[in-house]
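Dear colleague,

My notes on it follow.

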Amino acid sequence: MNHLSTSLADNLETAQHLFCQSPDLVIRPFQLKSEQRALLLYFEGLVDKVSITHDILRPLISEAEAIKELSNAPVTVGRVQTVSDWTQVEISLFTGKCVLFVDGIAEALIMFTQGWPQRAISEPQTESTIKGAHQGFVETGEQNIALIRRYLPNHELKLNQYIIGKRVRSTMTLLYLSDIVKPDLVKEMEKRLQSIDVDAILSTGELTDYLDDHPFNLLPQFQTTERPDAAVAHLLQGRIALVVDHSPTVLVGPVTFVSFFQTVDDYSHRWLVASFLRALRFVALLITIFLPASYISLIAFHFEVLPFKLLLSIGESRARVPFPPIIEAFLMEISIEMLREAGLRLPGPVGQTIGVVGGIVIGQAAVQAGIVSNIMVIIVALTAISSFIIPDFDMASSLRLIRFPFMIAASLFGLIGIVISMLLLVGFIMSMRTLGIPYGIPVAPLDMRDWKDIFVRFPLFMLKQRPRSTNATQLRRQGRNRKGGQGGNGA
Amino acid sequence: MRRPLSPEDHKISFTQFVFTIYKTQIGIGILTLPRDLVETTGTDGWISLLIGYAIAVTVSILIIAAMSKYPNDTLYELLPRLFGAWIGGGLSLLWIGYAAGGSLVMLLWSIHLTQVWVLPAISSPTLMFLFVLPICLYTFHGLKLVGRFGEFVYLISFWMPLSLFWGLKDAHWLNFLPIGHNGWVNIILAVKTTLLSFLGFELAFILYPYLTEKKRAIQGVVFANTLALITYSIATVISFLQFSEETLKEYVWPSLVLLKLIRLPFVERFEIIFVALYLVILFATIVPYLYMAAMGANRLLRTKNHRYYTIAFLAGCVVLSVLFRPSFWQLQWMGRQYGKAGFLLAFLFPVFLWLWGIGYRFIRKERHP
């Protein structure tokens with residue numbers, strides 16, 4: 001029962017059987033001008049109705065002569081395709097195409113008239129920028145590819161498409177610049193994508209669980225971006241991008257630990273400012289992980305390290321607090337995490353209220369009630385702020401989690417606990433690989449050639465080559481610009 | 001247990017080669033070196049240091065020269081090849097014992113150091129258990145991770161010798177004069193102390209076959225030894241400038257006493273933080289030695305995975321720390337025994353190996369021209 005029948009009545013029956021209980025399926029029997037009977041199927045809501053009326057029904061009903069071959073049917077739709085089995089008809093219908101059957105022909109004509117509801121292109125929420133572009137990806141794969149093509153009109157940009165998900169059948173598009181990217185990388189990614197056997201992949205985030213090299217590790221191993229310019233910047237550095245239909249984020253790999261601290265905006269600022277911001281982010285990284293843990297260890301074990309006056313003011317502020325520092329810290333850290341989550345889930349104006357209630361009322365009241373000390377409030381607030389400086393959301397969330405084991409270790413073993421935890425974290429980072437690239441590159445393994453664009457950002461005309469951390473096969477990024485130092489380009 | 005490591009997991013780059021050797025050389029020795037030198041030769045110790053450096057460089061180059069004839073052999077393949085299965089196996093065992101002993105002594109010293117300077121109240125088994133965790137992680141992943149660890153440690157610790165410069169605030173340059181006032185004999189005698197500080201270059205025995213740029217191996221060992229010399233010179237010269245000979249003899253950890261001079265507006269006792277961070281450097285000594293031992297045991301017993309031996313050794317260390325808590329004098333005795341072994345195996349053995357290799361090839365050429 002898989003092949004189409006020559007009889008229109010049979011086809012109609014099969015369709016009704018196959019799509020029973022689908023009231024949104026439109027089955028439109030009509031006669032061509034030559035009185036040949038025909039049938040048009042589509043799902044209401046997934047198609048562009050104007051196009052169906054004007055480009056399909058009108059020409060067929062008012063002018064079509066007898067049709068012998070479907071590919072010659074007088075429809076004015078851009079892209080058409082003939083198929084001969086029901087599986088493909090089904091897939092086409094569900095992806096917003098409409099299907100034409102004509103009596104006497106055992107084939108069907110698929111017409112690409114998709115027009116489902118979609119969101120307008122808007123500014124990305126999680127990666128806002130000051131000077132960069134303000135376009136963000138949307139939920140339609142083709143749109144996202146078009147956005148990338150707008151930035152990268154080059155014939156070397158290749159697209160490999162895969163269908164993943166037995167039930168949902170999402171289209172994944174792997175984009176790469178074929179003359180820059182190392183071929184192994186594409187092969188490896190292809191292998192991983194094709195080995196996925198699931199019902200449905202609804203978002204890019206779900207996909208990472210299947211693609212990660214180290215699924216049990218806390219650190220993110222793929223970067224996701226909502227911005228076409230960021231995706232293109234990654235492509236130009238020799239990475240690959242994966243556009244997942246239904247998802248407004250694009251997966252980028254292979255990434256390293258330090259690449260999570262770079263943003264596209266860095267390149268639109270002047271280089272000294274950008275370098276300062278880069279350095280600030282790494283300071284924020286250290287504060288996020290180490291500040292609460294160090295405070296706990298200093299108070300609980302090594303108070304002799306602190307100068308006497310500082311110790312006095314800390315002691316004064318802690319005088320009324322009945323808890324050891326670790327409980328104090330956990331109370332505050334957990335309440336700030338809850339506030340963050342609450343502010344995120346609530347609609348905008350209510351979210352702000354939560355911020356005020358949490359920040360002022362709980363913070364101030366807790367100090368006055370003697371549950372926590374002022375200094376702990378400062379430490380926790382500083383930690384929270386620095387974790388928000390880290391530009392990548394996944395990385396920031398992971399680091400926020402990592403500081404809890406650090407705090408526990410510090411409360412048990414003081415500075416030694418912190419050092420041991422740090423060594424374990426660094427060991428995991430250094431032993432990880434993503435898509436065949438060491439996660440710790442270019443710090444360990446060391447590659448000084450890449451250091452121009454990590455902790456600081458050198459002027460762009462000095463970044464003559466692509467980063468080596470992506471194993472790109474073609475390294476040349478630009479020729480010699482600004483010869484002789486002073487004048488403009490070669491002037 | 002995960003898959004055995006493939007040769008690809010061991011390839012190390014030139015910088016990894018240099019920093020792994022350098023960071024293995026810098027260990028507990030630098031913390032006590034100024035006093036050890038002063039005891040024998042007073043403030044002329046820097047001359048002994050230079051002589052020690054020259055000898056260490058020579059021996060390192062001999063190691064590379066001996067290894068370069070068999071570029072794919074580690075020490076544990078080279079020994080059976082040159083000495084036959086039985087003697088070679090015996091020598092391998094000696095080296096395994098030396099490397100394992102070295103890491104055990106270092107572990108015990110690290111625990112002692114931590115208890116003296118950072119956490120007096122903590123028990124040795126707890127500390128041993130904590131220390132074993134990262135060491136286990138780093139040793140598990142083969143030479144690649146050992147090399148990366150060397151690089152990482154270099155990057156996060158290069159400020160440490162520089163922080164000693166704080167001690168220059170009120171330096172007494174006259175401390176050095178007159179040069180040679182303790183007699184040249186004493187200077188030569190002190191060379192032995194300095195030689196032991198350079199121990200660590202014998203890692204070239206296992207690193208060399210995995211080095212990607214073999215031509216730069218000699219350059220690499222010279223670099224590593226020079227970096228070690230610079231670090232030691234900073235520590236000794238600044239100690240000599242700061243303290244008189246008599247004061248210096250009273251300090252057990254003179255380099256750390258130097259750090260006591262550092263007073264920052266927000267940190268009063270900087271040396272506590274310093275010692276906690278210094279553990280990282282000590283681990284960078286323990287890990288390569290432990291790997292050297294585990295790898296040797298793996299080769300000797302013809303098994304596929306060095307991880308069993310690592311776990312066995314580290315578990316043994318934890319058990320040992322429960323049963324036996326060494327005193328400072330016992331630790332010093334162990335250090336001296338390790339030094340003797342190091343002198344024999346790391347300094348005399350390479351010379352012997354090099355000569356033996358030349359003779360061996362000469363005789364084989366005679367027999368099979």
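The unreviewed UniProt entry lists residues 279-303, 371-390 and 402-430 of chain A under "transmembrane region"; UniProt positions are given in the numbering used here, feature names are shortened, and annotations may be inferred rather than shown by experiment. This is a predicted model, in which local features need pLDDT of at least 70 and side-chain atom pairs count only at pLDDT 80 or more, while totals for chains, interfaces and linings use all residues. Residues are numbered from 1 along each chain as its sequence is written, and chains are lettered from A and ligands numbered from 1 in the order in which they are written.

Residues 402-430 of chain A are 100% helix and 0% strand, with 16 Å between the end C-alpha atoms. For residues 371-390 of chain A, the span is 80% helix and 0% strand, and its end C-alpha atoms lie 30 Å apart. Helices (H or I, at least four residues) and strands (E, at least two) are DSSP runs, numbered from the N terminus.

In chain A, helix H9 (residues 271-300) packs against helix H14 (residues 393-431) at an angle of about 30°, the axes being 8 Å apart. Axes are lines fitted to C-alpha atoms, for helices over the stretch in contact, and angles run from 0 to 180 degrees between N-to-C directions. H9(A) and H14(A) are therefore roughly parallel to each other (angles under 35 degrees count as roughly parallel). Among the residues that meet are A:Leu285, A:Ile289 and A:Ile296 in H9(A), and A:Ile402, A:Phe406 and A:Leu415 in H14(A). The contact of H9(A) with H14(A) has 14 nonpolar, six polar and two charged residues. Here Ala, Val, Leu, Ile, Met, Phe, Trp, Tyr, Cys and Pro count as nonpolar, Asp, Glu, Lys and Arg as charged, and the others, Gly among them, as polar.

The domain assignment, automatic or from a database, divides chain A into domain 1 (8-111), domain 2 (141-255) and domain 3 (270-437). The centres of domain 2 and domain 3 of chain A, taken over C-alpha atoms, are separated by 34 Å. Their contact takes 16 residues from domain 2 of chain A and 14 residues from domain 3 of chain A (two residues are in contact if their C-beta atoms, placed from the backbone, lie within 7 Å).

Between the chains, 24 residues of chain A are in contact with 31 residues of chain B. H14(B) gives the largest share of the side of chain B that touches chain A, seven residues. That side of chain B comprises 22 nonpolar, five polar and four charged residues.

With kind regards

Methods
Parallel < 35°, antiparallel > 145°, perpendicular 65-115°, else oblique.
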